[in-house]
Amino acid sequence: MVIEEFITFARENNASDIHMTVGAPTVFRINGELVRLNDMEESVVNRTILSMLSAEQEQRLNNGEDIDFVFEISNGARQRVNVFRQMGKLACSIRLLNEKVQTLEELKFPPILQEFASKRSGLVLVTGTTGSGKTTTLSAMVDHINRNRACHIITIEDPVEYRYESVMATIHQREIGRDVKDFNYALRSALREDPDVIFVGEMRDFETIQLAITAAETGHLVLATLHTKGAAATVGRIIDACPPSIRAQMLIQLAQTLEGVVSQNLLLSKDGKSRVAALEILVGTDAIRNLIRLDKCHNIETTMQQGSKSGMIIMDDYIVQLHREDKISRQTALEYANDKAYVNSKIF
């Protein structure tokens with residue numbers, strides 16, 4: 001089976017990821033769970049992995065590099081691929097990307113996300129663990145801007161996952177390694193390229209965080225991701241990442257620029273056939289900004305619980321809401337709850 005047929009087979013079985021390893025079973029991730037396939041011969045797995053690489057990429061792999069790239073099959077479906085070695089043998093992880101950018105309406109997200117996407121400046125963060133759907137959410141926000149605003153959007157990604165067709169916006173997509181050397185350089189350059197909106201695929205270090213906040217502070221809307229769990233924890237992570245000498249300055253800058261944080265997770269649906277996004281949403285209200293400015297991030301969650309009129313919601317309340325809508329089971333609700341006793345008291 002050639003790689004294109006294999007990817008098509010995985011998509012037909014609703015897989016989100018493929019893990020191929022020479023000398024080990026190939027597995028699909030379906031609705032969050034790993035499912036083993038029949039074993040394939042080592043030579044077949046090795047040949048299948050190498051078939052995705054160019055000669056230049058294969059040379060880099062032989063020189064000890066891990067290879068990140070997007071692999072597109074003939075029908076236009078795109079996959080994010082990482083090829084690496086383990087125990088001296090080839091392996092790869094393949095993320096099967098959605099065949100098209102989903103809209104915020106299709107994702108059935110709260111209206112506050114449209115409000116975030118409609119901001120003219122400020123920082124909006126989408127956070128969560130690996131595989132929690134962050135890119136899908138941010139892409140939907142970029143799509144919303146593209147369809148509703150004549151503006152200049154620059155995306156900085158590693159690699160570019162979704163291609164956008166210009167509707168109202170002018171969009172430039174820059175890929176790390178191919179178009180620009182790193183996130184920091186791309187962000188500095190973006191400020192000289194007359195952007196209105198900057199989409200940062202990942203804020204990996206303090207320098208990137210600082211540049212993103214500076215961009216938001218100078219009148220741009222910055223959309224970015226962080227690998228953090230929980231909205232309040234995201235604010236804390238940003239502040240803790242900065243050197244002590246500029247912590248006070250960062251608190252002021254973040255308080256001025258933060259428009260919202262969307263923290264998310266994917267939960268198994270009640271019928272077991274798909275996954276449902278559970279969100280935690282922080283809105284940059286005056287109360288939230290004041291807590292950040294005063295370095296009282298430990299009080300953010302309490303303020304969020306009282307901020308439903310502003311569009312805020314904590315993860316546990318969103319999980320309760322999903323259960324009441326019969327989208328997830330009680331078992332799933334309790335499995336993903338931060339405060340199991342609280343959620344248990346709400347779903348009976």
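Mentor: We'll take the ground rules, then sheets, helices and single residues.
Mentor: This is a predicted model, so local features need pLDDT of at least 70, side-chain atom pairs count only at pLDDT 80 or more, and totals for chains, interfaces and linings use all residues. Residues are numbered from 1 along each chain as its sequence is written, and side-chain values use heavy atoms, with hydrogens and water left out.

Trainee: What order do the 6 strands of the open sheet come in?
Mentor: S3-S2-S1-S6-S5-S4, with antiparallel pairing. Strands are DSSP E runs of at least two residues, helices are H or I runs of at least four, and both are numbered from the N terminus. Two strands pair if DSSP finds at least two bridges between them.

Trainee: Which strands stand at the edges?
Mentor: Strand S3 (33–36) and strand S4 (67–72). Each has a single partner strand, so one side of each lacks a neighbour in the sheet. The twist averages 25° from one strand to the next.

Trainee: How many bridges join S4 to S5?
Mentor: 6, and S4 runs antiparallel to S5 (residues 78–86). Glu72 has Arg78 in S5 as its bridge partner.

Trainee: Which strands does helix H1 lie across?
Mentor: H1 (residues 3–12) lies across S1 (15–21), S2 (27–30), S4, S5 and S6 (89–96). Its angle to S1 is about 140°. Angles here run from 0 to 180 degrees between N-to-C directions, and axes are lines fitted to C-alpha atoms, for helices over the stretch in contact.

Trainee: Switching to S8. How many of its residues are buried?
Mentor: 6 of the 6 in S8 (residues 152–157), so the strand is largely enclosed by the rest of the structure. Buried means under 20% relative accessible area, exposed means over 50%, and partly exposed is in between (1.4 Å probe, protein chains only).

Trainee: Which residues sit on each side?
Mentor: His152, Ile154 and Ile156 are on one side, and Ile153, Thr155 and Glu157 are on the other. In a regular strand, side chains alternate between the two faces of the sheet.

Trainee: And which strands pair with S8?
Mentor: S9 (residues 170–175) pairs with S8 in the parallel sense over 6 bridges. S10 (residues 197–200) also pairs with S8 in the parallel sense, over 4 bridges. Take Ile153: it stands opposite Ile171 in S9, and its bridge partner in S10 is Val197.

Trainee: Helices next. At what angle do H10 and H11 pack?
Mentor: About 170°, with the axes of H10 (residues 247–257) and H11 (residues 286–293) 8 Å apart. They are therefore roughly antiparallel; that label needs an angle over 145 degrees, while under 35 is roughly parallel, 65 to 115 roughly perpendicular and the rest oblique.

Trainee: Which residues make the contact?
Mentor: H10 gives Leu251, Leu254, Ala255, Gln256 and Thr257, and H11 gives Arg289, Ile292 and Arg293. Contact means heavy atoms within 4.5 Å.

Trainee: Is Gln264 buried or exposed?
Mentor: Buried, at 4% relative accessibility. Gln264 is in strand S12 (residues 258–268). A polar atom of its side chain lies 3.0 Å from the backbone oxygen of Gly133. Beyond four places in sequence, its contacts include Ser132, Lys134 and Met315.

Trainee: Last one. Where is Val283?
Mentor: In strand S13 (residues 275–283). Val283 counts as buried, at 11% relative accessibility.

Key: A polar contact is a pair of N or O atoms within 3.5 Å; within protein, one must be able to donate a hydrogen and the other to accept it, and residues adjacent in sequence count only if both atoms are side-chain atoms.
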